[in-house]
Amino acid sequence: MRFVTGVFVAVAVVFASAHAYANSQIAVLDFKKVFNGNVLSIEKQDELKNNRDKVQEQLTQMEQALEKQDKDLKAKRALISDEKYAEARKKLTEDYRDYRQKVTGYNQQISVELNEHNQHVDEVIREEIAAYAKEKGYNVVLRQALVLDANGADDITDVILKRVNKRLK
């Protein structure tokens, strides 16, 4: 009896799913294109690249200065007392630690800034998808990357990208 009931439930689910699918309005969206192609993301990427280049130049100069100090200290090793050498080595070690902290701080700052940006853009995209789906009567919007065959589904990528750009300007 359980087997018959199980089969009956399975058949009912299949028929209900097929009926729901037949009456569904389905759209697909290239989320990556919308996420990376919107005006705010493009501007943010350019801003981060410019900032990274400036900071990288500063960090490179700091690193080169530290390497020169280390080389100079090694060259003076035989000429200075053990006490002065230990003092200079300690100072250089502290300078290296400060340099590493600056690198870590910069990376954390960029990470936080990028995460905040990504969350904001993601939220706007999702809101625009939901609003457009409601306006056009879509029951389901799927990411194009997850769909093997989208025959009959509308591609709403360009429409959503335009709406997102309009909102983010």
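**View 1. The contacts of N38 beyond its close sequence neighbours.** Setting aside residues within four places of it in sequence, N38 is in contact with K33, V121, L161, V164, N165 and L168. This is a predicted model, so read every close-up here as a prediction. On the chain, N38 sits in the loop between α2 (31-37) and α3 (39-76).

**View 2**

**View 3. The three-stranded sheet.** Look for an open sheet of three strands, laid out in the order β2-β1-β3 with parallel pairing. Which strands stand at the edges? They are β2 (140-143) and β3 (154-155); each has a single partner strand, so one side of each goes without a neighbour in the sheet.

**View 4. Zooming in on β1 and β2.** Strand β1 (residues 26-29) runs parallel to β2, and four bridges join the two. For a landmark in this pair, find L29, which stands opposite R143 in β2.

**View 5. Stepping back to the whole chain.** How many helices and strands does the protein have? The tally is five helices and three strands, and along the sequence they come in the pattern α-β-α-α-α-β-β-α. Take the contacts with a separation of 6 or more: 84% of them are between residues 24 or more positions apart. The protein has 169 residues, and 23% of them count as buried.

**View 6. Confidence, and a stretch to treat with care.** The average pLDDT of the protein is 85, and 86% of the residues score at least 70. Over residues 6-20, though, the pLDDT is below 50. Beyond near neighbours in sequence, that stretch makes zero contacts in the model.

Technical notes: Residues are numbered from 1 along each chain as its sequence is written. This is a predicted model: local features need pLDDT of at least 70, side-chain atom pairs count only at pLDDT 80 or more; totals for chains, interfaces and linings use all residues. Side-chain values use heavy atoms; hydrogens and water are left out. Buried means under 20% relative accessible area, exposed over 50%, partly exposed in between (1.4 Å probe, protein chains only). Contact means heavy atoms within 4.5 Å. pLDDT is the predictor's confidence in each residue, from 0 to 100. Two strands pair if DSSP finds at least two bridges between them.
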